[in-house]
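I opened my notebook today to look through the pockets of this protein and the strands around them. Here is what I looked up, in the order I went.

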Amino acid sequence: MVYNLPATMIESYRGMDLIVRSHDPSEILQRLAPDDLERLAYLQILGTGGAIDPLLRWEPPIPVDLLVRNPEADLPRLYRYSPLPAKRPVRVSVPVAAGFSKVVKLALSLNFAVKLEVSQPEPALIEELLQVATLYLHQSTVSQAVEFLHSLFWGFYNRTPVTLWAIQEEDPALFLYVTDQGAETLSRRFAGGELKYEVASFIKEFSAALLSEKQECADCAFFENCAGYFKWPRREYRCDGVKALFQTLQAAAEELRADLASYDQPGKEDRS
Ligand code: SF4
C-alpha cells in the first residue's frame, strides 16, 4: 500500500510507503527525514511554476512526478525541468484536456515519462488519444512509457489482465490518496466527492453494480481491463471511443505477438 499525501502530513504516515506532494519541492525536501527515503515511491510536484533549484541540488535519485494543470498554458514551462532527468526519473502527469498531446510530445522529447490522467473523454479528445496511441506504438524514437497506454498494451501482449484502476494508481488495494483535509480516498479525482461505497471495496462494488445493471459494461469485451473505470462519475457516459482505443492497443499487441511467433518458427531464417 502506497499513500499519496501532502507534505504537511509526512509525520502521521512515517514508516509507510509514500508519495509526497506539494506545490513547492523545497517544502517536501525540508520535511523528509533520511529514513523516509527508503519508503518514498516518488515526489509529486503540483504544478509547473515552482522553484526547480532545490530539486537540482538534491542528490537522492528519487523519481519526480510533475503535475500539469493546464496543458496549453503549462507547455512552455516544461523546458525548465529539462535538466532533471540527469539526476532522477521524471514523469509528467497531464490531464486529457485540450492540447494534451502537445505536452506528451514535448515531454517525450525531453526524456520524461508520461501519465495520462483520463476521466470521461469527449470525441475530440478520443481522436487526440488515438493519435497519441499511434505515436507511442509506432514512433521508434519514443523511449519512455506513456501510461496508461503502456501497461494496457503489455497487459494485452502478455494476456494478463491489468485494470485501469491499478495502472492509474486508483486501486485502493495498492494506493490510497490522502486529501489535504486528511481523508483517505481513491485518488485526486475522488477528493471531496461522495462515494456510494466504502473506499476499500469501492471498485468491487461499483463494477459489480455496473454488471448487474446489464447496460454497456455487461457485454463489454474490455471489462477485465477496465472494470467500469470510464463509468465514473457519469454512468451514462458512452464508451464507443474508449473501446476503439482499447481495440487499437489490443490489435497492436496481437500483431507484435504474431510477428515474434513467426520470427521464432524453426526454418524461418532459411525461408527469408
Ligand atoms: S470501456 Fe466502458 S463499457 Fe467497457 S468496461 Fe469500461 S466503462 Fe464499461
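Predicted model: local features only at pLDDT ≥ 70, side-chain atom pairs only at ≥ 80, totals over all residues.

**Entry 1**

**Entry 2: the pocket itself.** Next I looked up the volume of the largest pocket, and it comes to about 310 Å³. I found 23 residues in the lining, and Lys115, Glu117, Gln168, Ser187 and Arg188 lie nearest the centre. Sorted by class, the lining has nine nonpolar, six polar and eight charged residues.

**Entry 3: β6 and its neighbours.** Is β6 mostly covered or mostly open? I found that four of its five residues are buried, which makes it mostly covered. On one side of my list of pairings is β5, which pairs with β6 in the parallel sense over five bridges. The other entry is strand β7 (residues 146-147), which pairs with β6 in the parallel sense over two bridges. For the β7 pairing I wrote down valine 114, whose bridge partner is valine 146.

**Entry 4: how the chain gets across.** I followed the chain from β5 through helix α4 (residues 100-109) to β6, and these make a right-handed β-α-β unit. From β6 the chain crosses through helix α5 (residues 123-138) to β7, and this β-α-β crossover is right-handed.

**Entry 5: serine 93.** Which residue of β6 is the bridge partner of serine 93? The partner is lysine 115, and Lys115 is also among the residues nearest the centre of the largest pocket. I count serine 93 as buried because its relative accessibility is 1%, and the cut-off for buried is under 20%. Leaving out residues up to four places away in sequence, I found that serine 93 touches Asp65, Leu66, Leu67, Val68, Lys115 and Glu117.

**Entry 6: the second largest pocket.** Last, I looked at the second largest pocket, which holds about 200 Å³ of space. I listed 15 lining residues, with Pro6, Arg21, His23, Leu46 and Asp180 nearest the centre. By class, I noted five nonpolar, five polar and five charged residues in this lining.

Notes
Residues numbered from 1 in each chain as written. Heavy atoms only, no water. 1 Å grid on protein atoms, 1.4 Å probe; cavity = no way out; pocket = protein on both sides within 12 Å on 5 of 7 lines; lining within 4 Å. Points joined across faces, edges and corners; volume = space filled by probe spheres on them. Nonpolar A, V, L, I, M, F, W, Y, C, P; charged D, E, K, R; others polar. Buried < 20%, exposed > 50% of the residue type's maximum accessible area, 1.4 Å probe, protein only. Pairing = 2+ DSSP bridges. Right-handed = clockwise from strand over helix to strand, strands pointing away. Contact = heavy atoms within 4.5 Å.
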